[in-house]
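Work through the exercises below with the sequence and the model at hand. Each task is followed by its solution in steps.

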Amino acid sequence: MTTDKRPAVELQQVSKCFGDFRALDNISLAIHEAEFFSILGPSGCGKSTMLRLIAGLEHADSGKLMIGDRDMAEVPAYGRPCNMVFQNYAIFPHLSVGDNVAYGLRNAGLKKRALEEKIENMLNAVQLAGLEKRKPDQLSGGQRQRVALARALVREPKVLLLDEPLGALDKSLREQMQHELRELQQSVGITFILVTHDQEEALSMSDRIAVMSEGRILQIATPLDIYEQPNCSHVATFIGDMNFIDATTDDVQDDGSVEVIVPGFGRLRFNQRLPSERRGLAHRVAIRPEKLRISRQQTEAELCVSGLVVTSSYWGDQSQFQITVDGCDTPVTVAAHNVGQSGETPPARGERVWLSARPGAFLRFEN
Amino acid sequence: MAGMRRIGQRLRGTFSWGYLFFLYLPILILPLFSFNDSYYISFPLKGFTTRWYQELSADPSILGALLTSLQIACAAAVLSTLLGLMSARALTRHRVRGEKSLLGVIMLPLVVPELIIGVSLLTMLNHASAGLGKWAVVLGHVLICYPFSVAILMSRMEGFDKSLEEASLDLGSTHWQTFRWVVLPLALPGVIASVLLTFTISFDEFLIAFFLSSNEPTLPVYIWGQLRFPKKLPSTLALGTAIIFVSFAVVAFAEWLRRRDAPKKEASQ
Ligand SMILES: Nc1ncnc2c1ncn2[C@@H]1O[C@H](COP(=O)(O)OP(=O)(O)OP(=O)(O)O)[C@@H](O)[C@H]1O
Ligand SMILES: [Mg+2]
């Protein structure tokens, strides 16, 4: 994603309290035009609140919200160039599918013919053609979801806000809709802001992801960077699995590099310093399970240590192992893709194995 | 065992029929004697006549009372439903301070005897020299109808999904349009129920009307006055019969309307 585009939505130091509870705490972020932006975080971290704030359904206690180059402070919900797909879809039960989609155009002053054409095109786009006479209670979950989408998109908003739109769908339908949603976004070219607590959804669909926790933004980055370079242990644990191992800084060199003692893995060299780096600093190093390679023989890798298999579980496409590395107290998790020939049995419980890794695959976090 | 059950069933049947009999017998008396060619309500019946109906349609004062009653009932039904709609919306949608006690105050007229309401309104209106008459009765009736409207509409609006209104705002409708296009259609069955019920309550209310109607008697007040003149009684029966049939027709129509809309309305809950 190029960053030279001007922001479609910008929040500047926005805070929102419900009573004493800080739902949003000094949030600043800029979302680009035509970007697929996801907000990811555990339940109750303020994702919906942020979306509702942008939609104008909540009002910030402090801070500034810009959509395009307009300050939204005085603009009511019905005047904002953004539309929302609600967590429960919020389809009007007393209106037919066609009337639901037409609802947002009631104030547009379109001629009957133009209106009908627009609705027809929209229903075609979301594959609901022929259902315009149906009542919402005669629709399946996926169809309701499409009605909600069509109803919002037909207004041609600058920004589409989606609050966990796929949360209520079953797995296969969810995957299909993820795909469709991404395609739709690319074809209409408007900014999508998607709220989700499903990390795979966020990783696979987004241009950028904001990870939130307790009303704050922890990190905003591309899916790749969020996964490979999490900026704190919260992000690292929230997205994917991560092994944490207690470590100690042994030496800080003049060229900026540091040497770290990791029990069981020996002395590792890092080029980046932690903010409070000093000799003897207790901190943690981390490595993702799939970055550790498991083998029965010692390898030529720069870092290769030996350990015992504690548990071994077969998951079909991959196997997971818990391994206690000699000299390290906490067992590490290792994930291996089962690419081997059939008949090759994975290491079993109690077997002695070798783990190898690139030293660069290790990350460091302060405690 | 089976014998016991049979006796139980028989008892239940007898009870139901007896209940219906005692409940509706007096009402059946009305049409019966309204076609009876005699001033006196007593068996055996004399000949068949429609005289009382002719007399009725030629009597301007009873028709005037009927008109007054209809006007008052319409005004009371519309006003109390409107007020009820606003209150129910405020109480179900917004966080109102002291909601519990407010609701208590709203429901108070349900337990205050109408006698008290009538007397106190009479004294108050007299002191304010506001004059009595139709509007005074409407005022009193709105007071007793309002709790019913609030109760009916609150139970209807309690289950409303707040996000529907938010969706409407988000889709470019103002607050007023949202009310018109989303809240009102969803509340419509409740609104109809409230109008029908409050209309009926107002239409046959006696005490308050008696105190406040002054020289514009409502139908119940007028009929009560006529009971002193035995010769007027049969045409009163004729009027009663007409009212029963009209209200049956209205209730049947309302029920038909509700049934026809039922599948639609179910979805909105
Ligand atoms: N109207 C409100 N009044 C009081 N507290 C609220 C209100 N709306 C939200 N909150 C609180 O603010 C916090 C954030 O809520 P929000 O709905 O934004 O969470 P979320 O991240 O969307 O969670 P989920 O994934 O479960 O939808 C929650 O702790 C919630 O209890
Ligand atoms: Mg939410």
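**Exercise 1: a helix pair in chain B**

The crossing of H6(B) and H8(B) is right-handed, a term used when the near helix is turned clockwise from the far one by less than a right angle. The model is predicted: local features need pLDDT of at least 70 and side-chain atom pairs pLDDT 80 or more, while totals for chains, interfaces and linings use all residues. Residues are numbered from 1 along each chain as its sequence is written, chains are lettered from A and ligands numbered from 1 in the order in which they are written, and side-chain values use heavy atoms, without hydrogens and water.

Task: describe how H6(B) and H8(B) are oriented to each other, and which residues of H6(B) and H8(B) make the contact.

Step 1. Helix H6 of chain B spans residues 134-157 and helix H8 of chain B residues 175-203; helices are DSSP runs (H or I, at least four residues), numbered from the N terminus.

Step 2. Their axes come within 9 Å and cross at roughly 150°. Axes are lines fitted to C-alpha atoms over the stretch in contact, with angles from 0 to 180 degrees between N-to-C directions.

Step 3. H6(B) and H8(B) are therefore roughly antiparallel, the word for angles over 145 degrees.

Step 4. The contact (heavy atoms within 4.5 Å) includes His141(B), Phe148(B) and Arg156(B) from H6(B), and Leu186(B), Pro189(B) and Ile201(B) from H8(B).

Step 5. By class, this contact of H6(B) with H8(B) has 14 nonpolar, six polar and one charged residues. Ala, Val, Leu, Ile, Met, Phe, Trp, Tyr, Cys and Pro count as nonpolar, Asp, Glu, Lys and Arg as charged, and the others, Gly among them, as polar.

**Exercise 2: Tyr146(B)**

Task: state which residues Tyr146(B) is in contact with, leaving aside its neighbours within four places in sequence.

Step 1. Tyr146(B) is found in helix H6 of chain B.

Step 2. With those neighbours left aside, Tyr146(B) is in contact with Ser80(B), Leu83(B), Gly84(B), Ser87(B) and Ile106(B).

Step 3. The side chains of Tyr146(B) and Ser87(B) make a polar contact at 2.6 Å. Such a contact is a pair of N or O atoms within 3.5 Å; within protein, one must be able to donate a hydrogen and the other to accept it, and residues adjacent in sequence count only if both atoms are side-chain atoms.

**Exercise 3: ligand 1**

Task: find the distances from oxygen atoms of ligand 1 to Lys47(A) and Ser48(A).

Step 1. For Lys47(A), a polar side-chain atom lies 2.8 Å from an oxygen atom of ligand 1.

Step 2. For Ser48(A), an N or O atom in the side chain is 2.6 Å from an oxygen atom of ligand 1.

Note on methods: Helix = DSSP H or I, 4+ residues; strand = E, 2+ residues; numbered from the N terminus. Parallel < 35°, antiparallel > 145°, perpendicular 65-115°, else oblique.
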